[in-house]
Amino acid sequence: MYRFFVSPEAISENEVQITGDDVNHIKNVLRMRQGEQVVVSCGRGIDYNCVIQEVKEQVILLDIQREEPAVTELPVRIILFQALPKKDKMEFVIQKAIELGASEIVPVQTKRCIVKLDAKKEEKKLQRWKTIAESAAKQSGRALVPEIHSIMTLREALAYGGDIETLMIPYELCEDMTGSVSVMQEAAKGESIGIFIGPEGGFERSEVEEAMEAGAVPISLGKRILRTETAGLAALSVLMFLIEASGKE
């Protein structure tokens, strides 16, 4: 069943109004008509199962058939701090991280990042990333669209992560697999997790030390060197499994 996101104000007692770009998508791409079913979410943890009541020029009117708690969100807030990769790899990272349950994604400018964006290019990229985030959230049945932040420096990202319970930084020089497993298992029992991923070429030693001073724990993701677009997804996959297998709610 197709899923759409609306603001809380678009939902009344028995009706939902869909406006904006989704109107064209429903009418001319999906070619949906009166009587067809959709799911709507407004980011409050509730799924609204609806039937299309009327298709107008600028708005789609839906009848709410039933409400039920969303079951697709992880009970742990996971923030992925991703150093800017080359080319379009960030789009891939955002798409897959959202499928794996990330709550927020923070693009980070680190010393070895090749990509440098001025304000105009950053704004264009950010809008593109947010569009991809919404599409990925719809496709994977998420109950909300994860936030994509503006680009931060490493110092800004560490400051933003100051209230996160567990900060971890996959690092190729960390060889303690047993300790890494323990860190991830304990983190999965908590309320919030931050994962810092370096760019092509990795973090500089001084950056790892700065992250550790801020409370980040170095972990290993195995004996192989992972690409920047792989490392965060590997960590998210393990955490998603641990959290959901624990039955935490």
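What radius of gyration would a compact globule with 249 residues have, and what does the protein chain have? A compact globule would come out near 18 Å, and the protein chain has 20 Å, which agrees. The radius here is taken over C-alpha atoms, and the globule rule is 2.2 Å times the number of residues to the power 0.38.

Before going further, please keep in mind that this is a predicted model, in which local features need pLDDT of at least 70, side-chain atom pairs count only at pLDDT 80 or more, and totals for chains, interfaces and linings use all residues. Residues are numbered from 1 along each chain as its sequence is written, and side-chain values use heavy atoms, with hydrogens and water left out.

## The whole chain

The C-alpha trace spans about 60 × 45 × 30 Å along its principal axes. Seven helices and 12 strands make up the count for the protein chain; these are DSSP runs numbered from the N terminus, with helices being H or I of at least four residues and strands E of at least two. Of the 249 residues, 46% count as buried. Buried means under 20% relative accessible area, exposed means over 50%, and partly exposed lies in between, using a 1.4 Å probe and protein chains only. Among contacts between residues at least 6 apart in sequence, 74% join residues at least 24 apart, where a contact means heavy atoms within 4.5 Å.

## Two helices side by side

Helix α2 (residues 89–99) and helix α7 (residues 228–246) pack at an angle of about 5 degrees, and their axes are 10 Å apart. That makes α2 roughly parallel to α7. Axes are lines fitted to C-alpha atoms, for helices over the stretch in contact, and angles run from 0 to 180 degrees between N-to-C directions. Angles under 35 degrees count as roughly parallel, over 145 as roughly antiparallel, 65 to 115 as roughly perpendicular and the rest as oblique.

From α2, the residues Lys89, Phe92, Val93, Lys96 and Ala97 meet Glu229, Leu233 and Leu236 of α7. The residues of this contact divide into five nonpolar, no polar and three charged. Here Ala, Val, Leu, Ile, Met, Phe, Trp, Tyr, Cys and Pro count as nonpolar, Asp, Glu, Lys and Arg as charged, and the others, Gly among them, as polar.

| Residue | Relative accessibility | Class |
|---|---|---|
| Asparagine 49 | 8% | buried |
| Lysine 111 | 53% | exposed |
| Serine 220 | 6% | buried |
| Leucine 226 | 32% | partly exposed |

Asparagine 49 sits in strand β4 (residues 46–55). Leaving out residues up to four places away in sequence, asparagine 49 touches Met1, Val38, Val39, Asp63, Ile64, Gln65, Arg66 and Glu68.

Lysine 111 belongs to the loop between β7 (104–109) and α3 (119–139). Beyond its neighbours within four places in sequence, lysine 111 is in contact with Glu204, Ser206 and Glu207. Its side chain also makes a polar contact of 3.1 Å with the side chain of serine 206. A polar contact is a pair of N or O atoms within 3.5 Å; within protein, one must be able to donate a hydrogen and the other to accept it, and residues adjacent in sequence count only if both atoms are side-chain atoms.

Serine 220 is found in the loop between β12 (216–219) and α7. The side chain of serine 220 reaches the backbone nitrogen of glycine 222 at 3.1 Å. Not counting residues up to four places away in sequence, serine 220 touches Cys174, Met177 and Ser180.

Leucine 226 also has its place in the loop between β12 and α7. With residues up to four places away in sequence set aside, leucine 226 touches Leu221, Ala231 and Ala234. The C-alpha atoms of leucine 226 and glutamate 172 are separated by 8.8 Å, and these residues are 54 apart along the chain.
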